[in-house]
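Here are my notes for you to read alongside the model. Keep the 3D view open and click on each residue as we get to it.

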Amino acid sequence: MAMTTLTLPTRCDRPAAAALLPELRAAVAAGGVAIDGAEVAHFGQAMLQLLLSARKMLAAQKQPMPVTASPAMQAALATADAEHLLDDGSTR
């Protein structure tokens with residue numbers, strides 16, 4: 001099964017999460033998703049919720065969701081106590 005890589009925009013706010021939802025939904029249904037957040041400068045709550053939900057669905061399918069995060073995204077995840085999103089999903 002091929003893994004789909006989704007690249008996050010520089011600004012990950014509510015509109016960005018809404019725009020990503022159809023692509024992410026399709027990739028999760030296909031069973032493999034990698035998230036590229038290397039260029040993220042702003043990471044908001046809506047995107048966090050979307051990615052946590054995707055991680056939960058993929059975990060139920062026993063599929064990983066590797067995430068590459070920029071320093072800004074890493075800091076936002078640390079603030080939200082969601083750094084576990086940076087593992088590939090195999091440790092939770």
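**Notes on the fold, the helices and the charged pairs**

1. Let's start with a single residue, Asp87. Its relative accessible area is 19%, so Asp87 is buried, since the cut-off for buried is under 20%. Keep in mind throughout that this is a predicted model.

2. Which residue does Asp87 pair up with in a salt bridge? The partner is Arg55, and their closest N and O atoms are 3.0 Å apart. Have a look at where the two sit: Arg55 is in helix H2 (residues 45–60), while Asp87 belongs to the segment after helix H3 (71–79), so this pair ties together parts that are 32 residues apart in sequence. Arg55 is buried too, with a relative accessibility of 7%. As background, side chains of opposite charge can pair when their charged atoms come close.

3. How many salt bridges does the count come to? The total is two. Besides the pair above, Arg11 forms one with Asp13, where the closest N and O atoms are 3.2 Å apart. Is Arg11 buried, exposed or partly exposed? Arg11 counts as partly exposed, because its relative accessibility is 49% and exposed would need over 50%.

4. Now on to the sheet. Three strands make up an open sheet, in the order E1-E3-E5, with parallel pairing. E1 and E5 are the edge strands, each pairing on one side only. From one strand to the next, the twist averages 15°. In general, strands of a sheet pair through backbone hydrogen bonds, either parallel or antiparallel.

5. You can trace the pairing strand by strand. Strand E1 (residues 4–7) runs parallel to E3, and four bridges join them. For Thr5, the bridge partner in E3 is Ala34. E3 also pairs with strand E5 (residues 67–69), again in the parallel sense, over three bridges. Here you can find Gly37 opposite Ala69 in E5.

6. Is strand E3 mostly covered or mostly open? E3 (residues 33–37) is mostly covered, with four of its five residues buried. H1 touches E1 and E3, and its direction makes about 160° with that of E1. H3 touches E3 and E5, and its direction makes about 105° with that of E5.

7. Where does H1 have a kink? The kink, of about 40°, lies at Leu21, shortly before the proline Pro22.

8. Next, see which parts of H1 are hidden. Ala16, Ala17, Leu20, Leu24, Ala27 and Val28 are buried. The buried residues of this helix pack against E1, strand E2 (11–12), E3 and H2. Ala18, also found in H1 (residues 14–30), is exposed, with a relative accessible area of 52%. For a sense of distance, Ala18 and Glu39 are 21 residues apart in sequence and 18 Å apart in space, C-alpha to C-alpha.

9. Last, check a few backbone angles. Most residues other than glycine have a negative phi. Just after H1, Gly31 takes a positive phi of about 100°. Which residues other than glycine have a positive phi? Lys62 is one of them, with phi near 60°, and Asp81 is another, with phi near 55°.

10. Where do those two residues sit? Lys62 lies in the loop between H2 and E5, and with a relative accessible area of 74% Lys62 is exposed. Asp81 is found in the segment after H3 and counts as exposed as well, at 62% relative accessibility. Asp87, where we began, is also in the segment after H3, but Asp87 is buried.

Definitions and conventions: Residues are numbered from 1 along each chain as its sequence is written. This is a predicted model: local features need pLDDT of at least 70, side-chain atom pairs count only at pLDDT 80 or more; totals for chains, interfaces and linings use all residues. Side-chain values use heavy atoms; hydrogens and water are left out. A salt bridge is a side-chain nitrogen of Lys or Arg within 4 Å of a carboxyl oxygen of Asp or Glu. Buried means under 20% relative accessible area, exposed over 50%, partly exposed in between (1.4 Å probe, protein chains only). Two strands pair if DSSP finds at least two bridges between them. Axes are lines fitted to C-alpha atoms, for helices over the stretch in contact, and angles run from 0 to 180 degrees between N-to-C directions. Contact means heavy atoms within 4.5 Å. The bend at a residue is the angle between axes fitted to the seven residues ending there and the seven starting there.
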